[in-house]
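Here are my notes on this one, jotted down while I had the viewer open.

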Amino acid sequence: MAPFGKIYSYPNNFRVQRAQVVAAVNGLEVPLTEDYQMGVTNKTPEFLAKFPMGKVPAFEGADGYCLTEGAAICQYIARSGPKASQLLGADAKTEGQIAQWNYFAETELIPNILLVAIMTVFKMIPYDEARYDKSAADTLRALKALDAALKDGKKYLVGDQLTLADIMVAGPIHAASKFLIDAEMRKEVPNVFAWLQGLFALPEFKPFGELVLCEKRSKP
């Protein structure tokens, strides 16, 4: 089967991994381009002609259709295969619930997780203890809300089958488990990690790689 499209990005980007999991559920192939160089490829005239902001991930379909923003790419791939109604919802209320969790991932999890990452993992900005502590606390607050939604051994966030909501929320938690969500934090949200481990047992979640759980969160 010919690829549905390709994604430009640096390696191990959870936004790309989410899109590839969605593609796997839909029986589509969306590989990462092998020759992409951050700060080089995305500054070329050819790249900017397709993606004017120079941002990644950037999706280019086999038909030439171009799209940026990780959540939008996932939405498009979800809509483009035979499992669209499962991934996105078959009625307005289910669709709304899925969208709610998608936005939760983008607004409650990712900004806090990324701030910690750029201070302690990538060291792109100076470490600020007050900002670090607030981001860690806000991450835990969001995880507790998620934990409550997953009580009673719930396997999926919406309904009784895998949806885009599970994939979108699992992505940043998988990433943050390597450097922020440590053993102490995990004790407070057991339902989240029971749910996460169930998801990572699914073959479609292979693009994320191994679920790595840190014992102590990263600090400078």
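1. Starting with the cysteines: this is a predicted model, and the disulfide count comes to zero. Take Cys74 as a case. Its closest cysteine sulfur belongs to Cys66 and sits 17 Å away, which is too far for a bond, given that a disulfide needs the two sulfurs within 2.5 Å.

2. As for where the cysteines sit, Cys74 is buried, with a relative accessible area of 0%. Cys214 is buried too, because its relative accessible area of 10% falls under the 20% cut-off.

3. The largest pocket holds about 500 Å³ of space. It is lined by 18 residues, and those closest to its centre are Tyr10, Asn12, Phe14, Leu114 and Phe122. Helix 1 (14-25), helix 5 (92-120) and helix 7 (164-176) are the elements that each give two or more residues to this lining. Helix 5 has the largest share, with four residues.

4. Two or more residues each come from helix 3 (70-79), helix 5 and helix 7. Which element gives the largest share of this lining? That is helix 5, with six residues. By class, the count is eight nonpolar, two polar and two charged.

5. So much for the pockets; next, the overall fold. The protein chain has nine helices and three strands. Going along the sequence, the order is β-α-α-β-β-α-α-α-α-α-α-α.

6. On overall dimensions, the C-alpha atoms fill a box of roughly 45 × 45 × 30 Å along the principal axes. The radius of gyration is 17 Å, which agrees with the value near 17 Å for a compact globule of 220 residues.

7. Last, packing. Of the 220 residues in the protein chain, 47% count as buried. Among contacts with a separation of 6 or more, 69% are between residues 24 or more positions apart.

Technical notes: Residues are numbered from 1 along each chain as its sequence is written. This is a predicted model: local features need pLDDT of at least 70, side-chain atom pairs count only at pLDDT 80 or more; totals for chains, interfaces and linings use all residues. Side-chain values use heavy atoms; hydrogens and water are left out. Buried means under 20% relative accessible area, exposed over 50%, partly exposed in between (1.4 Å probe, protein chains only). On a 1 Å grid over the protein atoms alone, a cavity is a set of points where a 1.4 Å probe fits but cannot get out, and a pocket is an open set with protein on both sides within 12 Å along at least five of seven lines; lining residues have an atom within 4 Å of a point. Grid points are joined across faces, edges and corners, and a volume is the space filled by probe spheres set on the points. Ala, Val, Leu, Ile, Met, Phe, Trp, Tyr, Cys and Pro count as nonpolar, Asp, Glu, Lys and Arg as charged, and the others, Gly among them, as polar. The radius of gyration is taken over C-alpha atoms; the globule rule is 2.2 Å times the number of residues to the power 0.38. Contact means heavy atoms within 4.5 Å.
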